[in-house]
Amino acid sequence: MNPFWSMSTSSTRKRSETEEKALVGELKNSPPRTTQKKQLPSIPKNAVPMTKPASPALSAQSTNGTHASYGPFYLEYSLLAEFTLVVKQKLPGVYVQPSYQSALMWFGVIFIRHGLYQDGVFKFTVYIPDNYPDGDCPRLVFDLPIFHPLVDPISGELDVKRAFAKWRRNHNHIWQILMYARRVFYKIDTTIPLNPEAAVLYDKDIQLFKSKVVDSVKLCSSHLFDPPKIEDPYAISFSPWNPAIHDEAREKMLTQKKAEDQQCKSMQVSGLSWVKPGSVQPFSKEEKTLPT
């Protein structure tokens with residue numbers, strides 16, 4: 001065995017034994033360490049313990065019916081998005097304007113161009129529930145009761161739930177209610193009516209039904225210039241024709257319309273035709289050879 005390796009191992013063993021004795025002596029001579037436990041601050045006397053709600057469904061519903069996690073900002077955003085959709089749809093003959101006092105109330109008017117209710121101008125109000133869009137469907141009430149199977153003859157409310165039995169969030173929208181309100185005057189439905197008299201006359205005596213419809217249209221036209229039932233600066237109101245006021249507005253609208261038509265015509269580009277004029281035979285553009 002190599003004497004160098006034997007000497008190194010023995011010295012290492014001796015060194016380790018002496019080091020262990022020294023460490024044991026230090027532990028015996030050193031004073032004991034005192035360990036302090038970490039403690040949380042004391043609970044205040046007036047503190048109320050936090051508890052989880054028993055049911056998420058109960059916590060989601062606040063006292064006023066709106067969703068607690070949505071809040072008024074989400075409701076305002078939802079109604080603004082709904083009104084933007086109404087504007088984009090461009091429903092013919094239907095105009096709406098949210099109320100100044102409350103975004104949950106919209107004023108509107110429907111113009112009927114043809115059909116049994118031709119020349120009808122019907123003002124209405126849309127009432128939106130305060131927990132929209134998670135609540136019931138909005139209500140649509142005409143200012144004057146219209147002689148129609150689906151319109152209540154006393155309150156003037158349209159049977160909206162016929163088309164929207166259950167309001168589905170992100171699927172149903174207010175513009176659909178407006179489109180439905182317009183469609184009921186062109187396609188008459190007499191099943192389960194709110195006005196049984198109108199339904200019976202439409203099915204059995206159409207001439208008398210038409211006579212009563214004409215009277216209803218004339219009644220609404222006679223009250224067209226009446227002040228709004230609800231005092232609101234954004235309520236829709238009509239006034240008789242005044243040339244000093246309306247002629248200027250009419251000219252502006254017609255001028256804008258002509259400018260839009262001219263712009264559309266200027267944007268039309270005549271492209272290449274790949275069919276020979278006067279026949280159905282296709283042909284290709286002749287390629288010009290460059291001089292060499």
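Which residue in E2 is the bridge partner of Tyr 95? I looked it up, and the partner in E2 is Val 109.

A note on the ground rules: I am working with a predicted model, where local features need pLDDT of at least 70, side-chain atom pairs count only at pLDDT 80 or more, and totals for chains, interfaces and linings use all residues. Residues are numbered from 1 along each chain as its sequence is written, and side-chain values use heavy atoms, with hydrogens and water left out.

**The sheet**

I then traced the strands, which are DSSP runs of E with at least two residues, numbered from the N terminus (helices are runs of H or I with at least four). Four of them form an open, antiparallel sheet in the order E1-E2-E3-E4. E1 and E4 (139-142) stand at the edges with a single partner strand each, so one side of each has no neighbour in the sheet.

I followed the pairing next; two strands pair if DSSP finds at least two bridges between them. E1 (residues 94-98) and E2 (residues 105-111) are antiparallel over five bridges, and they form a hairpin with six residues between them. Seven bridges join E2 to E3 (residues 121-127), also antiparallel. Here I found Val 121 of E3 as the bridge partner of Phe 111.

**The helices**

Last, I checked H5 (residues 196-204) against H6 (residues 206-222): they pack at about 135 degrees with axes 6 Å apart. Axes are lines fitted to C-alpha atoms, for helices over the stretch in contact, and angles run from 0 to 180 degrees between N-to-C directions. Among the residues in contact (heavy atoms within 4.5 Å), I noted Leu 201 and Tyr 202 of H5 and Phe 209 of H6.

Definitions and conventions. Buried < 20%, exposed > 50% of the residue type's maximum accessible area, 1.4 Å probe, protein only.
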